[in-house]
Amino acid sequence: MAALGAPLACLDLETTGGHPGYDRITEVGVVRIDADGVLEEWSSLIDPQRWIPPQITALTGIDAVMLEGAPTFREVHEALSARLEGHIVIAHNARFDLGFLREAFRREDVSFQPAVLCSVKLSRVLFKGVRGHGLDALMARLGLSCAARHRALGDARVVAQFLEQMAATRLEALLTACREQAQIPSLPAHLAPEAVEALPDGPGVYLIYGEHDLLLYIGKSVHVRRRVLEHFRNDHRAAREMRLAQQTRRIECMETAGELAALLLESRLIKERRPVMNRRLRRTQDLCTLAWTFGAGRPPEVVCGGAVVPGESYGAFRTAREARQALQRVAAERGLCDIRLGLQSGSGPCFGHQIKRCRGACVGVESPAQHDLRLAEALQAIRIARWPYAGPIGLREGGDEQSVQHVIDQWIYLGAARDLQDVDELLRQTRPAFDLDTYRILLRFMTDPQHGRAVRPLVRPAVSP
Ligand code: SF4
């Protein structure tokens, strides 16, 4: 069971009834087990400060007399919490026990969110098609014993016996059922658990390497460790995640000030390092756009190789052919003039007007300005936006110690600055080329009202004579 990555705590509660909001816990029993077997058994009666219905007493044997002098949950919660911390908690019908526990901890203003397994659900998976998965049925089926049935420690011991017997006879099936139920990630066989534990909780970019330091995958997250574990949690469901888990040998992480920094760094690294399992991001130099200036009287032009002009460039196409096809689609859908769009040579009128495919700009049915206005409308959705500021801006991100200012101008990311001197240097340095992915990341981020408030105009440094 060491493969689950955390020790187990078999838990059982006795209560005054079935409603966590009203009823209270009268007894708790915990059996902690690790790879070597039972570590500790612990139980405590708990004064519920409530009347105990006679039918409950008839079932558990716990009555008001027994509970005289017992601690309240407030008095016992730290001892219980210390025993459950870092454990996967397993209970028979866990929803009931964990519902009561969460409510009890909530009343003490203590967060209680352990990984949970339910032994009823495990039994259903391990004994498919068999009827009866209550504790008595389990005991009868597997020959388990219980000296104190319906008492917390007695029942917790039965759950522990069930686990021990399953681990001894059907370990792989048990582990698979546990992992699937608790979504416990199965770490790659060649990756030390400490390597995952060392990953930060906060934002950053992670690089997953395979054999011979082959870079497999680059990802980003605002919760790096959680995201990396998700890759391995899914490894039985998605072929790609399974391949990733099988090939992983080491993970490197670069912490960032926040989500924007992580997005930008991830995008840059994927282009530079070309990991084998990432979707290939194309550099702007590899893409084509449509260049068109409203009112200039020229048709849109296909431009390949990174010459992007915000406000006058449209779309991002893998080839010149795709760009041209996109323009043809726009012409057909909007009834625009093929000749005015540069898709056909000649001066018109042509066949298009006769078959009512266009609105007859060449014969004055609509003016050139009306035609171009309709073209502008049609292209608006794929237009690369004009830079909305008079000059460069700073965009602050991160908490006090991690805080940086992202310096951006004309949708070009110049870098992250920690102080004014950094800002000055970034503004003086040679600018990288316009990059479409950076543009999209920045546009999304800056138009989000939550982040847009962090924008601050910056002054360009004076150019030395
Ligand atoms: S008829 Fe005139 S407006 Fe229509 S597509 Fe031909 S040239 Fe253009």
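Me: A cavity is a set of points, on a 1 Å grid over the protein atoms alone, where a 1.4 Å probe fits but cannot get out. What is the volume of the largest cavity?

Reply: About 40 Å³. That volume is the space filled by probe spheres set on the points, with grid points joined across faces, edges and corners. The count comes to 1 cavity of 30 Å³ or more. One caution comes first: this is a predicted model, where local features need pLDDT of at least 70, side-chain atom pairs count only at pLDDT 80 or more, and totals for chains, interfaces and linings use all residues. Residues are numbered from 1 along each chain as its sequence is written, and side-chain values use heavy atoms, with hydrogens and water left out.

Me: Which residues line the largest cavity?

Reply: Lining residues have an atom within 4 Å of a point. They are Trp292, Gly297, Arg298, Pro299, Arg340, Leu341, His371, Asp372 and Leu375. The lining divides into 4 nonpolar, 2 polar and 3 charged residues. In this scheme Ala, Val, Leu, Ile, Met, Phe, Trp, Tyr, Cys and Pro count as nonpolar, Asp, Glu, Lys and Arg as charged, and the others, Gly among them, as polar.

Me: Which residues are around the ligand?

Reply: The test is a heavy atom within 4 Å of the molecule. Cys337, Asp338, Ile339, Gly348, Pro349, Cys350, His353, Cys358, Gly360, Ala361 and Cys362 are the residues around the ligand. This shell holds 7 nonpolar, 3 polar and 1 charged residues.

Me: What domains does the chain have?

Reply: The bounds come from an automatic or database domain assignment. That assignment gives domain 1 (2-182), domain 2 (193-273), domain 3 (286-382) and domain 4 (393-457). Taken over C-alpha atoms, the centres of domain 1 and domain 4 are 52 Å apart.

Me: How do you know whether β2 is enclosed?

Reply: Count its buried residues. 9 of the 10 residues of β2 are buried, so the strand is largely enclosed by the rest of the structure. Strands here are DSSP runs (E, at least two residues), helices are runs of H or I with at least four, and both are numbered from the N terminus.

Me: What makes β2 a partner of other strands?

Reply: Two strands pair if DSSP finds at least two bridges between them. Strand β1 (residues 8-15) pairs with β2 over 8 bridges, in the antiparallel sense. Glutamate 14 stands opposite glutamate 27 there. Strand β3 (residues 37-45) is also joined to β2 by 8 bridges, and these run antiparallel. Aspartate 34 faces glycine 37 in β3. β2 and β3 form a hairpin with 2 residues between them.

Me: Why is strand β7 called largely enclosed?

Reply: 6 of the 7 residues of β7 (residues 215-221) are buried, so the rest of the structure largely encloses it. 6 bridges join β7 to strand β6 (residues 204-209), and the two run antiparallel. Tyrosine 206 stands opposite glycine 219. β6 and β7 form a hairpin with 5 residues between them.

Me: What makes histidine 212 stand out?

Reply: Most residues other than glycine have a negative phi. Histidine 212 has a positive phi, near 55 degrees. It lies in the loop between β6 and β7. At 79% relative accessibility, histidine 212 counts as exposed.

Me: What is the phi of lysine 356, and where is this residue found?

Reply: Its phi is near 60 degrees, again positive in a residue other than glycine. Lysine 356 is in the loop between α14 (351-354) and α15 (368-379). At 73% relative accessibility, lysine 356 counts as exposed.

Me: Why do proline 368 and proline 457 get their accessibility labels?

Reply: Proline 368 has 43% relative accessibility, so it counts as partly exposed. Proline 457 has 60%, so it is exposed. Proline 368 is in helix α15, while proline 457 is in strand β15 (residues 455-457). The C-alpha atoms of proline 368 and cysteine 337 are separated by 9.9 Å. For proline 457 and isoleucine 408 the separation is 9.7 Å.

Note on methods. 1 Å grid on protein atoms, 1.4 Å probe; cavity = no way out; pocket = protein on both sides within 12 Å on 5 of 7 lines; lining within 4 Å. Buried < 20%, exposed > 50% of the residue type's maximum accessible area, 1.4 Å probe, protein only.
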